[in-house]
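The following note sets out some points on the model for a reader who is new to structural work. Please keep the sequence and the structure in view while reading it.

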Amino acid sequence: MADNTIVIEPVTRIEGHAKITIQLDEAGEVADAHFHVTQFRGFERISQGRMVHEMPSLMARICGICPVSHMVASAKACDEILGVTVPPTGVRLRRVLNLAQIVQSHALSFFYLSSPDLLLGFDSDPALRNLVGVARQTPDLARDGVALRRFGQRIIERLGGKRIHPAWVVPGGVSRPLEASERDSILAEIPDARMRAHRTLEWFKKNVASWTEEAAHFGDFPSLYMGLVHEGGNAAYSDGLLRVVDSSGWVMADGVDPRAYEEYLGETVEPWSYLKSTYFKPLGYPAGIYRVGPLARLNVAERLGTSAADAELAEYRERLGRYPSSSFHYHYARLIEIVHCIDVIDEILSRPDILDPHVRARAQINRNEGVGVSEAPRGVLIHHYKVDDDGLVEWVNLVIATGHNNLAMNRSVLQTARHYIKGDQVKEGMLNRVEAVIRCYDPCLSCSTHAVGQMPLEVDIRDAEGSLLRQVSR
Amino acid sequence: MSVLTLTIEGRDVAGQTGHTILQVARENGIPIPTLCHLQGLSDVGACRLCVVEVEGQRKLFPACVTTIDEGMKVTVNSERLAAHRRRIVELLFTERNHICSVCIADRNCELQDLAVAVGLTHFELPLLSPQAVVDATHERFGIDHNRCVLCTRCVRVCDEIEGAHTWDVMGRGTEARLITDLGIPWGDSNTCTSCGKCVQVCPTGALFEKGRSVAEARHRRPYLPYLVAHEGRTR
């Protein structure tokens, strides 16, 4: 046996299609590991020749989980092309929509996709290791997950007219102001959502000690972190400027206008994946590895900006240090963000001017290029467009959160595989841990999720000639 | 002008010489689906959605351009007609790139409504997926050839009501395309008065006001009869 490869295909309980290969050396130790994204969407090409005004809704179709983030980033790029200033209420309504989406997407990631591993155990029976299994064992936790997801989805529906792909965010603002009755309905649901978010966070904190081994080997390495922050250092989700810090807190870049992203971020393509990898240009490839998303946002921000969430953040930092470096803590960070997002939604919707009917600025094409950025649930999302004088899209570049995290995900897979896999004695629970490290990042690879975990998982162990030595399947 | 009597869907109805089956059916509250027809414009029988059966005749007749005869027996709804209409709508969809979910005319589109009305739930025919362009050179309006069904309402409204005849059709079959003037960009047209009537009568998202986002198209099609001086415009 000269050379072995373990293939995990498909990776389950993530949003999209991917596989993992683990390369073993002659001694049966893990030599290398890759996370392959095997699907191709092509939106950068599809949108060429379309009117720029269609872009927010067209781009929303990239994903059924985080359409709102794409809409917001896209609309901001379009705002620049129109050369308009969005009315303040329009900005705030977009913000509420984006926060609602972060709540529902985080709920999906934590409760539906990851809680089966955390609650039932990484070594539990895969047939039961899903949301249904969670509901059997702890109905309250499953209910909280469903309720928090519904809370976010209903805000999106009330603001945008429908839960998935609302065509409400438009270049220049939003297409319709908020009605008092809609605002009141959302505000009425906040106390319940807040209670459930805190209850989940308490449950997680109580159990966090039991995952110490996972926390130490699920992508625990120093890297850079990138996220949006407001002036003063509060975490930003729809606006703000980019900040990059390293694991010791050294600020590598701050106050970066997203328009200048190309100066800081390089993109590279690997032959084994359809997902581009990005790196922090000043450090080069692959040293410029960085992470985005909940873990990174809490690392780059001084504070969140709402009192309950900041108290949780202080406890988080006390437990894990100021700059936690294990990707396992994405889960913890995600739960704190849910608390924060609910409070900010409350804060914004309680403003008297939120019903202002001036929510949209209109203009013709005034610039040929625009960059828009937002914090998607999974991290920084950049849309960059070039249009002709008539407003037809000529060129599009999308830098998605999962792309920012690609290098880190690969390194995490390698670290986890090295720790848990020895030779061809592969147990299901070990493979599940390799998948679970990917789930920490909540990668968003397409529009769909296989949440209930019914998909087959096949692991092939092959020698250098490609002949099958051993197969493990669910 | 003499009165003729006939039956449509088994009902005894009457109309004047020269009136069309569609006209008489609508006067009597009998619905017939149409697409290229628009009250106030001449009829050309372009879309064939209004086909009906006439007793004693094997072929189908487009109700919008077939005049009534004494004693005619017309069937509007039958399995054969329903199958034809569904296939016609399917052909319209598959010939160009109609992607409702990201179309400015979503939920304000006669083609979309027709698909629902005729029960078109999926395509059996292959999509042609042509490379079609958007002409956005006009200051206020644009044409997206991906969404055009060649109903020629724009051609007729421009010619018959506005009197500009900016629009016409060039090419044949699947190559047929709407053109402005003699095939120059819309923004360069000398004849276009920028009145916007073509945009208002377009049944789909092909003709649009710039600045509209997805599902924001607002066609005001019924306004047309008020512009028409007299009913005689309708053949």
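1. The centres of domain 1 and domain 2 of chain B, taken over C-alpha atoms, are separated by 25 Å. Domain 1 of chain B covers residues 3-77 and domain 2 covers residues 84-233; such bounds come from an automatic or database domain assignment. In the contact between them, domain 1 of chain B supplies 15 residues and domain 2 of chain B supplies 22 residues, where two residues are in contact if their C-beta atoms, placed from the backbone, lie within 7 Å. The side of domain 1 of chain B that touches domain 2 of chain B is made of 11 nonpolar residues, three polar and one charged. Here Ala, Val, Leu, Ile, Met, Phe, Trp, Tyr, Cys and Pro count as nonpolar, Asp, Glu, Lys and Arg as charged, and the others, Gly among them, as polar.

2. This is a predicted model, in which local features need pLDDT of at least 70 and side-chain atom pairs count only at pLDDT 80 or more, while totals for chains, interfaces and linings use all residues. Residues are numbered from 1 along each chain as its sequence is written, and chains are lettered from A and ligands numbered from 1 in the order in which they are written.

3. The model has an ipTM of 0.86 and a pTM of 0.88. For chain B the average pLDDT (the predictor's confidence in each residue, from 0 to 100) is 92, and 94% of the residues score at least 70. Residues 229-235 of chain B, however, have a pLDDT below 50, and this stretch has eight contacts in the model beyond near neighbours in sequence. Where pLDDT is low, the predicted coordinates should not be read in detail.

4. Chain B contains six helices and 10 strands. Helices (H or I, at least four residues) and strands (E, at least two) are DSSP runs, numbered from the N terminus. The radius of gyration of chain B is 18 Å, close to the 18 Å that the globule rule gives for 235 residues, so chain B is as compact as a globular protein of that length. This radius is taken over C-alpha atoms, and the rule is 2.2 Å times the number of residues to the power 0.38.

5. Between the chains, the contact takes 18 residues from chain A and 15 residues from chain B. Helix α2 (residues 55-60) of chain A gives the most to the chain A side, with three residues. That side divides into seven nonpolar, six polar and five charged residues.

6. Chain A also holds an open sheet of three strands in the order β12-β13-β14, with antiparallel pairing; two strands pair if DSSP finds at least two bridges between them. β12 (369-376) and β14 (393-399) of chain A stand at the edges, each with a single partner strand, so one side of each has no neighbour in the sheet. Eight bridges join β12(A) to β13 (residues 379-387) of chain A, and Ala376(A) stands opposite Gly379(A) in β13(A).
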